[in-house]
Amino acid sequence: MSVTIELNCRETHGRILYLPLERSSLEEVKMTNYKTNVGNVEIISLTDGQGSGSPTSIFPESNLQEWREYPNLMDGDGNIHPRYGSVAVSSRNHLIIVDTGIGAPDGTLLAEMIRKGVDRDLVDLVVTTHMHPDHIGWNLTDGRPTFPNARYLIPRLDWEYWTSPSILDQSPHVRDQALPLESLDVLDLIDNEYAITDELTTISTPGHTPGHISIVIVSGRDRGFILGDVAHSPTQAHFTDWSPSFDVDPDIARQTRHKILDRLEHDGDLVSSGHFPNPGFGRFVRTGGRRIWQAI
Ligand SMILES: [Zn+2]
């Protein structure tokens, strides 16, 4: 069973775009393979629901012929369902949530945390990759921090963009789920290459939003990468030029996507991707001359 709602998904260049969203019932959430490790860093995949839309409207540069190569990503009506994924990361005695999903009333993040043994009272850091509504939705509950013992880390450049008067005017989600963090005194604005722990460092990956960040994981000899919205679909492993309609600056986003996916393919890093199918763990690998997403 699923519920479809409508949400103001983003504003850009004065246009408001609406993306119909769909919430999975908890019964559909797989309880396998949701946990992985990069060295001593443990990552738990969490899902807050999923969106729904026509692939060619989400990716205007794509066509249906190309999508037919990916039947597993489409439902019977030809729609795709980007997941709203977060991760809980344990590193050096910190419990960190990266992104907080679409939020109430339909988001499943808090129930997922209970099912997967992640105690929200133990979360001491919440890291935001960027301030779109599907990434900050559970920052606050009834005006109070959903994670009562956490500092909230937000990239300074994204904060400056989303709180500028003309953008803020059209972004109620920022007013509701981000601005109060400042007066509640739980907000830390972070600059590029910020060391969350000595195993986790942010990296600037702009374009999708101006201050978008990803997270590099290095633990011992192992490497991982929390992608954020550098890519939204496994199809972009091959069709890397496709920019979704949500990119604030599609050209910069495209350059970033090429650079990061090339690097991840070359280095073979384990990748966590919030919008890819559950649980969103895998690698970008080349096979038969074509780069693909190899889920684990
Ligand atoms: Zn997103």
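# Notebook: a buried aspartate and its surroundings

I began at Asp-99, which counts as buried because 27 C-beta neighbours sit inside 10 Å. My cut-offs: a residue is buried if 20 or more other C-beta atoms lie within 10 Å of its own, exposed if 12 or fewer, and partly exposed in between, with C-beta atoms placed from the backbone.

Before going on, I noted what kind of model this is. It is a predicted model, where local features need pLDDT of at least 70, side-chain atom pairs count only at pLDDT 80 or more, and totals for chains, interfaces and linings use all residues. Residues are numbered from 1 along each chain, as its sequence is written.

**Entry: the loop with Asp-99**

I looked up the backbone of Asp-99 and found a positive phi of about 70 degrees, although Asp-99 is not a glycine. Asp-99 has its place in the loop between S6 and H3. (Helices are DSSP runs of H or I with at least four residues, strands are runs of E with at least two, and both are numbered from the N terminus.) Pro-105 lies in that loop between S6 and H3 too. I checked the peptide bond joining Ala-104 and Pro-105: it is cis, with omega about 0 degrees.

For contrast I looked up Glu-193, which is not a glycine either and has a positive phi of about 55 degrees. Glu-193 is placed in the loop between strand S11 (187-190) and strand S12 (195-197). Is Glu-193 buried or exposed? Glu-193 counts as exposed, because it has 11 C-beta neighbours inside 10 Å.

Next I went to S6, residues 94-98. Of its 5 residues, 4 are buried, so S6 is largely enclosed by the rest of the structure.

I then asked which strands pair with it. (Two strands pair if DSSP finds at least two bridges between them.) Strand S5 (residues 83-91) runs antiparallel to S6, and 5 bridges join them. One I looked up has Ser-90 with Leu-95 in S6 as its bridge partner. The hairpin of S5 and S6 has 2 residues between the strands, and Arg-92 takes a positive phi near 50 degrees there.

Strand S7 (residues 125-127) runs parallel to S6, with 3 bridges joining the two. Here Val-98 has Val-127 in S7 as its bridge partner. I also traced S6, helix H3 (residues 109-115) and S7, which make a right-handed β-α-β unit. (Right-handed: with the strands pointing away from the viewer, the path from the first strand over the helix to the second runs clockwise.)

**Entry: the nonpolar core**

Which residues have the most contacts inside the largest nonpolar core? I found Val-87, Ala-88, Val-89, Ile-96, Val-98 and Val-126, in a core of 54 residues. (A nonpolar core is a set of buried Ala, Val, Leu, Ile, Met, Phe, Trp, Tyr and Cys residues joined through C-beta atoms within 7 Å.)

I picked Val-87 and left aside its neighbours within four places in sequence. Val-87 is then in contact with Ile-43, Ile-44, Ser-45, Leu-46, Val-98, Ile-226 and Ser-272. (Contact means that the C-beta atoms of two residues, placed from the backbone, lie within 7 Å.)

**Entry: helix H8**

H8 covers residues 250-267, 18 residues in total, and reaches 25 Å from its first C-alpha to its last, close to the 26 Å expected at 1.5 Å a residue. (The expected span is 1.5 Å times one less than the number of residues.) Its buried residues are Ala-253, Thr-256, Arg-257, Ile-260, Leu-261 and Leu-264. Seen down the axis of H8, the buried residues fall within an arc of 120 degrees, so they line one face of the helix. (The arc is that of the directions from the helix axis to the C-beta atoms.)

The face turned away from this buried side carries the exposed residues Asp-251 and His-266. The buried residues of H8 pack against S14 (213-219), S15 (222-226), S16 (270-272) and S17 (281-287). Just after H8, Gly-268 takes a positive phi of about 70 degrees.

**Entry: Val-271 and S16**

Val-271 is found in strand S16 and is buried, with 27 other C-beta atoms within 10 Å. Leaving aside neighbours within four places in sequence, Val-271 has contacts that include Leu-264, Phe-225 and Phe-284. I also found Pro-279 in the loop between S16 and S17, joined to Asn-278 by a cis peptide bond with omega about 5 degrees.

**Entry: whole chain**

Last, I counted 8 helices and 18 strands in the protein chain. Buried residues make up 49% of its 296 residues.
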